[in-house]
Amino acid sequence: MTLTQQLGFISPILYPIVGAFSILTIDLFVSKEHKIKNVYPLIALIFIALSAFSLVQSIQWDTQNAVEPIYVFSKALVLDNLYRIASLFILVALTLLFLFASNYLKHIRVSEGEYYALLFFAVTGMMLMIASNDFITLFFSLEIMSISTYILTGLTRESSRTTEATMKYFIMGAFATSFILYGLTLFYGLSGTIYLHLIAQMIQIENQGMALLAMTLILIGLAFKIGAVPFHMWVPDVYEGAPTAITAFMSVTVKVAGFSVLIRFIWTLFSGMPFSSHLLLYITMATLLIGNLYALTQTSVKRMLAYSSISHTGYALIGLTVFSATRDPQAVSATLYYLFTYTFMTLGAFLFIFYIRTSQKEAELYEDFAGLATERPWSAFAMTVLILSLAGVPPMGGFFSKFYLFQNALHHQFYGLVIFAVFGTMISLYYYLKVIVMMYMKPAKNVGQFKEETPYFGLTLSMALSVLFTVLLGLAPTRFLEWVSAWSVGIIFG
Amino acid sequence: MEKALSLITFLPMVTGIILCFLPSRRIHLIKKLTCGITLFVCAYSLFLYKYFDPTKTIQFEEFAFWIPQLNIFYHVGIDWLSLLLVILTTFLMPIAVACSWNSIQEKGFYISLLFLETGIIGAFIARDLFLFYIFWEAMLIPMYLIIGVWGGKNRIYAAVKFIIYTMIGSLLMLVAIIFLYIRFETFNIEALCQQSAQLPLEVQQWLFLAFALSFAIKTPIFPFHTWLPDAHVEAPTAGSVILAGVLLKLGVYGFLRFAIPLFPKAAVFFAPAFLVLAVIGIVFGALMALNQTDIKKLIAYSSVSHLGFVILGIFSFTTAGVMGGAYQMINHGITTGALFLLIGALYDRAHKRGIDDFGGLAHSTPIYATIFLIATLSSIGLPGTNGFVGEFLILAGAFQSYKLAAVFGGLGVILGAVYMLKLYRCMMFGEMKAEQEFLTDTQPFELSYFVPLVCLIFVMGLFPNLFLENLNSFAKDFIGLVK
């Protein structure tokens, strides 16, 4: 393959980079209030659209014949359907964020170029991470994603809580990445190769113990990234401290990227190893338990959503546990479907918190939402739909994705795990319904306390799209099911 | 006519969605539209009654692809039992709208009622287990909002208790449903009934318990009844009417349609336990009702008692018992619906509902007292009213299988007379209380919804075969499945 051909194949990854640099460059040369700043979202959305379009074009649907994935740059990157589908999820989340970016940026003291560029870099890192086939690419793309996200967390410098969140995320994140690095180097030492698809066959039998250690180290690092217990301690503080729009983005995309890398590792490496599914099982159960229990006592809705994110990681991990035990592609389809629904639900919920501002500040505590339904009935309705979907109430997408997951897990006879997850759902009902109680059943503290500043049109659009897709994923899942079932076409054959 | 069932199910919801876009000030228009649509749906469902063919079982079937990858289809159809329950629902809905006409002026309430109607009718007509589950859960949300936003003083506690209690039961049922799907690759009820009856007893027992828990919470069966007094008392009048009149029947319907036909061996195995619980429910409900000072709570406990009768009839697995249980379901809906309407009318005027707050109402409000008397007698089961037919059949059936249960059931009838007559005496006879001169009698507007109920009480009591005849074949088929 010539260089041009390979560049053509990775064009979905190149477009965000080009977009980032173009906006940065334009921003360098224009004055602060130049009118061209209004065009930035359009430029950004164009690049996202180009990237998404080329991803969609290249998805291989043929499930009958074995399709080889495309390797580029001396097998540093593997371009298969998993990469394409997961990248699409991430781009969708990015779109929802960019829709209201121009208005948002007018309110915060951040230069536009930085905002767009950082988000694009983060997304590039994620896409590279999902596509990476060797350790070095994996590591540096992980770092690109992580560092961009660390900076984004502290971007607005709005309070000491934000700074604390950034420091926590940075220091703990660096620590966790070092675990991954340690595990990767151990694997290199054991097998002599850095290519994911070759390692499994190169490890000698007598080194199984070391391989197990290496796997655990990598699991620790990745579990940190996706917010699984017991590596979840950063999630509530970081989600609470970061600016809400960034939290919305981060909570969704980093998880999708982390899960995709985990899927790749499990498929190529972990599922052959002893204890891998046991490890994942314990992590899943702990995550389900802690995520749901700790959310019960929160007084801040933002923190509750952070813990609910942890619990949703737990649910998605059920699919991965089943996958690592059985290598059934349906398990990953269920996980991907869950992640897709989770994208819209959680993004919408965080956007809602961002959207509702009381007269002084961002609404954060439960009490701040009291009486919302009388003043802003449509917003309350939108949040109700999202909350019910998070809780797993039919007919929303959250229910169907849970159903699909449970059905797959029960099919492989993981009865205990499903019952455990069901108990988690029962617990979660309380803290989700509390939001609805506050919005509909309690009177507002001060009349007219929800400042009627003109809501950003883009924000309304983003929220409406989140709600729409949440409902669609529950009522008409057929088309989306086809998409997530295509992931297994052309994955690395280990 | 072919899509009749879908029309009845989704028209209220579509109307509700349209109403969302109307401005809140035009509440009169909204109320009129809601009333009109619910009346239309009621009339349409009466057409179904007219065109029902007694020789076939499932009719008006509709089938559409929904999620073929998981064998989930949009499959609806009704048989006589479903038809009766659908008609009960569509009949009580306009009454619920009418009784809130003057007291609740917010459009969200009427929209919630419409969504609730869709959910309930959908649950009664679903022939696909997944579809049933969706409707079963989905109709909890409007009810939760109705109780929680427009209810009484303690409404949030009651609403949250109601929804969490019910959903916990449903989640275990979901696991059982998924298990059935994995075993038999289908959600179709008929196919599942045939195949799951072959499962070994131990497996059937667990699955039956998972289903039964959910329905036992809904019915409610002692000891899963604790949500009921709170929910009934705190709900607004229309909410109580729908809750008592229709929602409780969903639990019994679940037993009749799913839990017992899917797992007959387990049902027979657990029948004694359910009979005991039913009898405890009857007597306990009656004794608790005897002790209440809040009239609404008294009627709520009487619901527990009455539904104990229904469960007694059903789990006796005799033709008479099952017929009586199914018929008593409808009776209870009408009677308790009437009682809650009466209490609601009183509360709207006096803003209190303690037994001791009223006296001698028979003098000051004679029309009201008359209607109340008819409802009371129906609740007791006086021959001539619908309550008698149901209770008699239940006791006859129960006596055939478990004599002791029937004896206690009879005790329950007596206790029922005790608390209801006591209620009537305290309220209607005796000394008039001071503030009562200001209570107006039943207005003609209110008569518009009381009169149909009273007529039905007598029609169903004197000419029960209009409804009972086809229940006979239903009961025979049902028992054939079990034996």
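Start by selecting helix H2(B): at 1.5 Å a residue, its 24 residues should span 34 Å, and its end C-alpha atoms are 35 Å apart, which agrees. Keep in mind as you click around that this is a predicted model.

**Stop 1: inside H2(B).** Now colour the buried residues of this helix, among them B:Ile27, B:Ile30, B:Thr34, B:Val41 and B:Leu48. What do the buried residues of H2(B) pack against? Show helix H1 (4–20), strand S1 (59–67), strand S2 (72–78), helix H3 (80–99) and helix H4 (107–125) of chain B, and you have the answer.

Zoom in on B:Thr34, which sits in H2 (residues 27–50) of chain B. Is B:Thr34 buried or exposed? Its relative accessibility is 0%, so B:Thr34 counts as buried. A polar atom of its side chain lies 2.7 Å from the backbone oxygen of B:Ile30. Leaving out residues up to four places away in sequence, B:Thr34 touches B:Leu19, B:Val97, B:Tyr110 and B:Leu114.

**Stop 2: the nonpolar core.** Next, select A:Phe187, B:Phe208, B:Phe211, B:Phe255 and B:Phe315, the residues with the most contacts inside the largest nonpolar core, which has 396 residues. Pick B:Phe208 and display its surroundings: beyond four places in sequence, its contacts include B:Ala259, B:Phe263, B:Phe270 and B:Phe315.

**Stop 3: where the chains meet.** Show both chains together. The contact takes 34 residues from chain B and 33 residues from chain A. Between them the two chains bury about 3100 Å², 86% of it on carbon and sulfur atoms. Highlight B:Leu171, B:Ile178 and B:Ile182, which supply 16% of the area that chain B buries against chain A, more than any other three residues. Which helix gives the largest share of the side of chain B that touches chain A? Select H7(B), which provides 15 residues. How many salt bridges run between chain B and chain A? The count is 0, while 4 residue pairs are found in polar contact across the interface.

Stop 4: Move to A:Ala486, in the segment after helix H21 (478–485) of chain A. With 3% relative accessibility, A:Ala486 counts as buried. A:Asn81 is buried, at 0% relative accessible area, and its side chain makes a polar contact of 2.9 Å with that of A:Arg84.

**Stop 5: salt bridges.** Side chains of opposite charge can pair when their charged atoms come close. Over all chains the count comes to 12 salt bridges.

- Select A:Arg303 and A:Asp237, whose closest N and O atoms are 3.2 Å apart. The pair links helix H14 (residues 301–326) and helix H11 (residues 234–241) of chain A.
- Select B:Glu190 and B:Arg127, another salt bridge with its closest N and O atoms 3.2 Å apart. B:Glu190 lies in helix H8 (residues 189–196) and B:Arg127 in the loop between H4 and H5 of chain B, so the pair ties together parts that are 63 residues apart in sequence. B:Glu190 is partly exposed at 36%, whereas B:Arg127 is buried at 5%.
- Select B:Arg353 and B:Asp294, which meet in a salt bridge of 3.2 Å, N to O. B:Arg353 is buried at 16%, and B:Asp294 counts as buried at 19%.

Key
Residues are numbered from 1 along each chain as its sequence is written. Chains are lettered from A and ligands numbered from 1 in the order in which they are written. This is a predicted model: local features need pLDDT of at least 70, side-chain atom pairs count only at pLDDT 80 or more; totals for chains, interfaces and linings use all residues. Side-chain values use heavy atoms; hydrogens and water are left out. Helices (H or I, at least four residues) and strands (E, at least two) are DSSP runs, numbered from the N terminus. Buried means under 20% relative accessible area, exposed over 50%, partly exposed in between (1.4 Å probe, protein chains only). A polar contact is a pair of N or O atoms within 3.5 Å; within protein, one must be able to donate a hydrogen and the other to accept it, and residues adjacent in sequence count only if both atoms are side-chain atoms. Contact means heavy atoms within 4.5 Å. A nonpolar core is a set of buried Ala, Val, Leu, Ile, Met, Phe, Trp, Tyr and Cys residues joined through side-chain atoms within 4.5 Å. The expected span of a helix is 1.5 Å times one less than its number of residues. Buried area is the accessible area (1.4 Å probe) that two parts lose on being put together, summed over both. A salt bridge is a side-chain nitrogen of Lys or Arg within 4 Å of a carboxyl oxygen of Asp or Glu.
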